[in-house]
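Trainee: Can we go through this one together? I'd like to start at the ligand site.

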Amino acid sequence: MGAYQDTYDRWRADPEGFWHGPARDIEWSRAPDAALDRSGDPIFRWFPGGRLNTCHNMLDRHVRDGRGARVALIHDSPVTGTVTTFTYAELLERVRVLAGALAREGVGHGDRVVIYMPMVPEAVMAMLACARLGAVHSVVFGGFAAAELASRIDDCTPKVVMTASCGIEPSHLVEYMPLLDRALELATHPVSRCVVLQRPQHEASLTPGRDVAWDAFLAGAEPADCVDVAATDPLYVLYTSGTTGVPKGVVRDNGGHAVALNWSMSAVYGVDAGEVFWAASDIGWVVGHSYIVYGPLLRGCTTVMYEGKPVGTPDAGAFWRVCADHGVDVMFTAPTAMRAIKRVDSRGELLAGHDLSRLRALFLAGERCDPDTLLWCRDILGGRPVIDHWWQTETGWPMAANCTGLELLPVKPGSPAKAVPGYDIRVLDEDGHDAPTGEIGGLCVRLPLPPGCTPTLWGGDERWISGYLSRFPGHYMTADAGYLDLDGYVYVMSRIDDVINTAGHRLSTGQMEEVMSGHPDVAECAVVGVADDLKGQVPMGFAVLKAGVDRPEAEVVAELVARVRREIGPVAAFKQAAVVRALPKTRSGKVLRGTIRRMADGEPWHMPATIEDPSVLDDFRVLLEGSGHTVRPHA
Ligand code: COA
Ligand code: AMP
């Protein structure tokens with residue numbers, strides 16, 4: 001039997017006891033009383049009684065054990081033309097002082113801090129400083145608009161917001177302060193202190209009394225020691241999209257998270273202390289939390305933080321340049337990024353001249369990885385393993401993967417391979433029964449979820465239970481649909497809710513519909529995710545105008561596009577919308593979004609027997625064909 005199956009079976013035989021081993025790789029100030037607390041079933045808590053500090057495990061212990069001179073963080077920023085490195089000792093010093101400044105500001109155990117920052121090392125320091133104090137950070141991605149930031153501020157009620165004067169997109173600077181000012185106007189929760197990193201590319205004007213520049217904030221601060229917290233105390237809250245516009249605050253605890261992420265670095269990614277790991281993502285997403293910041297530093301690796309794009313900064317060879325310059329051993333990115341490179345450099349010619357001899361494997365996740373992209377990556381990387389793996393903000397680390405650290409299993413393009421030890425993945429039919437092998441159903445994980453997965457949502461077990469655990473009692477519902485093959489490989493096909501994945505970014509079409517509906521001329525609307533060669537999926541909106549509205553359609557469409565950008569943010573990539581006479585509906589009033597999507601994607605579709613007015617779908621066919629889609633005749 002291979003090492004993967006052996007480990008999986010060991011976990012199956014003792015799903016709680018298994019985690020005592022990985023837990024021994026973490027330093028506890030008080031050892032846990034047990035692996036799992038089941039008393040709150042279906043809310044489970046890992047490592048009850050245990051006490052630790054996550055920042056201690058990421059920095060202090062490495063420095064104490066003589067690894068202070070090792071490089072912890074490389075900030076590679078083609079958009080500013082700088083590369084900056086921090087050893088473990090340097091990073092620790094910077095974090096101690098920042099934590100001291102936050103403590104002086106009154107931030108302590110359990111307080112929340114919102115971090116709304118671009119990809120700069122200070123953002124990592126801010127996360128670690130919070131962890132050091134036992135405070136709870138909530139990082140908000142820079143591509144979100146003020147209203148999104150405001151809703152997160154209101155939900156997690158931070159004492160302090162940490163930000164920067166600007167982010168740098170290849171085509172423009174993103175000024176953060178106007179967005180933050182607007183968010184604080186919109187929010188009902190008052191924030192009395194904002195700490196602002198002034199970047200040389202743009203100086204923000206500060207609001208006296210409320211805002212303080214980063215350096216002034218640090219001046220004279222006493223370095224702070226680690227605060228001991230319970231394993232079950234929250235480390236961070238990360239908001240993610242759901243069915244509606246209300247973002248869900250995914251909570252991560254301290255103990256289970258440290259154990260799982262540290263273990264995943266070796267078991268899933270096959271990376272050891274001292275090696276260089278690069279996740280080309282953003283700290284605003286879960287991938288950035290887990291594998292730019294927490295995982296690599298827990299493990300004692302060097303992590304690369306890249307402030308740039310796969311193409312255009314300056315060219316499609318940027319990823320290979322970074323791998324070569326920093327001796328990256330294992331890399332992780334989203335399929336979209338590789339598709340962007342493939343578009344420009346289909347033969348991989350820009351690899352030439354870059355020494356990739358250290359690169360062992362490329363991991364891809366965040367969206368479905370089409371086999372073409374995977375095979376292309378493998379080809380240009382000279383047959384190195386290219387590993388699709390599947391996970392979500394809620395789980396925080398992979399549910400299915402080819403665990404190269406245990407054993408490289410045969411790669412089946414189109415599948416993120418098998419359940420990672422810790423996850424019992426089931427495919428359930430509508431009635432909650434196991435679906436036969438090969439048949440599509442709801443992808444679920446039998447409870448309890450392993451350490452590191454969210455134990456609940458911020459502000460309420462109720463929402464966690466009703467949103468994820470009630471549909472199939474005893475199971476966590478991933479909201480993805482897919483199937484298992486005879487070898488136990490997982491295939492993830494689509495979401496079963498209103499979530500779409502655009503360039504690896506998780507977005508809610510339901511939320512976009514809410515924003516469109518807020519337009520005074522819109523009577524009703526629908527948004528669907530349609531296939532896109534580069535971004536996987538992009539949103540497309542359809543609006544029915546109120547009776548009597550007599551304005552040029554193009555004007556309304558432009559307003560709708562601007563509205564979604566203003567309310568949700570540029571990251572929504574909402575650029576296509578149309579005014580329609582009516583939406584296709586069933587006689588009971590359900591909008592046939594799935595049918596619209598299948599028509600737009602050139603997939604087979606049929607005229608539903610229950611459709612209220614078939615001529616509406618004919619209008620959609622004409623509209624879609626007019627905008628370049630090839631719609632099949634209906635079955
Ligand atoms: N702050 C502010 N704005 C941001 C932003 C940020 N951090 N990130 C993206 N945006 C903006 C972009 O400027 C763009 O705005 P525009 O409409 O004015 O052009 C919009 O949000 C969409 O950005 P993006 O998704 O990056 O698309 P793009 O067309 O600019 O670039 C790719 C295409 C493929 C290069 C890019 O999507 C990419 O790098 N994808 C990989 C994604 C990834 O790594 N995801 C992590 C999940 S693991
Ligand atoms: P996020 O929470 O932003 O990480 O997005 C999680 C969602 O992205 C999942 O529920 C899937 O729909 C999708 N996803 C992530 N990784 C994969 C993958 N390897 N294959 C298919 N879908 C994926």
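Mentor: Start with glycine 366: one of its polar backbone atoms is 3.1 Å from a nitrogen atom of ligand 2. A polar contact here is a pair of N or O atoms within 3.5 Å; within protein, one must be able to donate a hydrogen and the other to accept it, and residues adjacent in sequence count only if both atoms are side-chain atoms.

Trainee: How much of ligand 2's accessible area does the protein cover?

Mentor: The protein covers 94% of the 490 Å² that ligand 2 has on its own (Shrake-Rupley method, 1.4 Å probe; for residues, only the protein chains shown count as cover).

Trainee: What kind of model is it?

Mentor: The model is predicted; local features need pLDDT of at least 70, side-chain atom pairs count only at pLDDT 80 or more, and totals for chains, interfaces and linings use all residues. Residues are numbered from 1 along each chain as its sequence is written, chains are lettered from A and ligands numbered from 1 in the order written, and side-chain values use heavy atoms, without hydrogens and water.

Trainee: Which side-chain contact does asparagine 501 make with ligand 2?

Mentor: A polar side-chain atom of asparagine 501 is 2.9 Å from an oxygen atom of ligand 2. A backbone N or O atom of glutamate 367 is 3.5 Å from a nitrogen atom of ligand 2.

Trainee: Switching to the whole protein, how many helices and strands?

Mentor: There are 18 helices and 31 strands, counted as DSSP runs from the N terminus (helices H or I, at least four residues; strands E, at least two).

Trainee: And the box?

Mentor: The C-alpha atoms fill roughly 75 × 65 × 55 Å along the principal axes.
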